[in-house]
Amino acid sequence: MTAAPTTSTPLLTVSDLHVTLGEAHILSGVDIDLRSGELLGLAGPNGAGKTTLLRATTGVVEIDRGRIELDGDALSSFSRLELARRVAVVQQLPEAPSSITLGDLVLLGRNPYLSLLGRESAHDYRVADDAMRQAGCEALAGRALDTLSGGERR
């Protein structure tokens, strides 16, 4: 599989990131530039700060110091709705009813685009279907999460 060409402008920039949770200094001086088409893997022992880094870059955890940018704009400049429309995180073990289908779980990613009490449109279904096609899991769309193997869930 060939990686997509990268651009010169980073989609995600993390500069001198510091995060403290309670009394514990979890992250100190983290720097990342991630461009379109690049893939970043985080490896390390439990408690090394991988999840904290992910939570900080998605605005879930408050940072002590540093800067996080999406497409050149400070993460802090985005409203919660704008951020939800731009960033999505799929947990290792999603907290969802085990009977929900994979297709319905993916469709939940369209919620930030719905109005209050709004329903998904045909466009939302097409976007979700396209996302599953790109991930190579469209054949699993109708399967309940509790029927998927560990590999299929990943």
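Mentor: Buried means under 20% relative accessible area, exposed over 50%, and partly exposed in between, with a 1.4 Å probe and protein chains only. This is a predicted model, in which local features need pLDDT of at least 70 and side-chain atom pairs count only at pLDDT 80 or more, while totals for chains, interfaces and linings use all residues. Residues are numbered from 1 along each chain as its sequence is written, and side-chain values use heavy atoms, with hydrogens and water left out.

Trainee: Why does E69 count as buried?
Mentor: E69 has a relative accessibility of 19%, so E69 counts as buried, because the cut-off is under 20%.

Trainee: What makes the contact of E69 and R67 a salt bridge?
Mentor: A salt bridge is a side-chain nitrogen of Lys or Arg within 4 Å of a carboxyl oxygen of Asp or Glu, and the N to O distance for E69 and R67 is 2.6 Å. R67 is partly exposed at 41%.

Trainee: Which residue forms a salt bridge with D124, and why does the pair tie together separate parts?
Mentor: The partner is R110, with the closest N and O atoms 2.8 Å apart. D124 lies in helix 4 and R110 in the loop between helix 3 and helix 4, so the pair ties together parts that are 14 residues apart in sequence; such helices are DSSP runs of H or I with at least four residues, numbered from the N terminus. D124, at 5%, is buried, and R110, at 12%, is buried too.

Trainee: Why is E152 called partly exposed?
Mentor: E152 has 31% relative accessibility and therefore counts as partly exposed, and its salt-bridge partner R143, at 3.3 Å from N to O, is partly exposed at 29%.

Terms used: Helix = DSSP H or I, 4+ residues; strand = E, 2+ residues; numbered from the N terminus.
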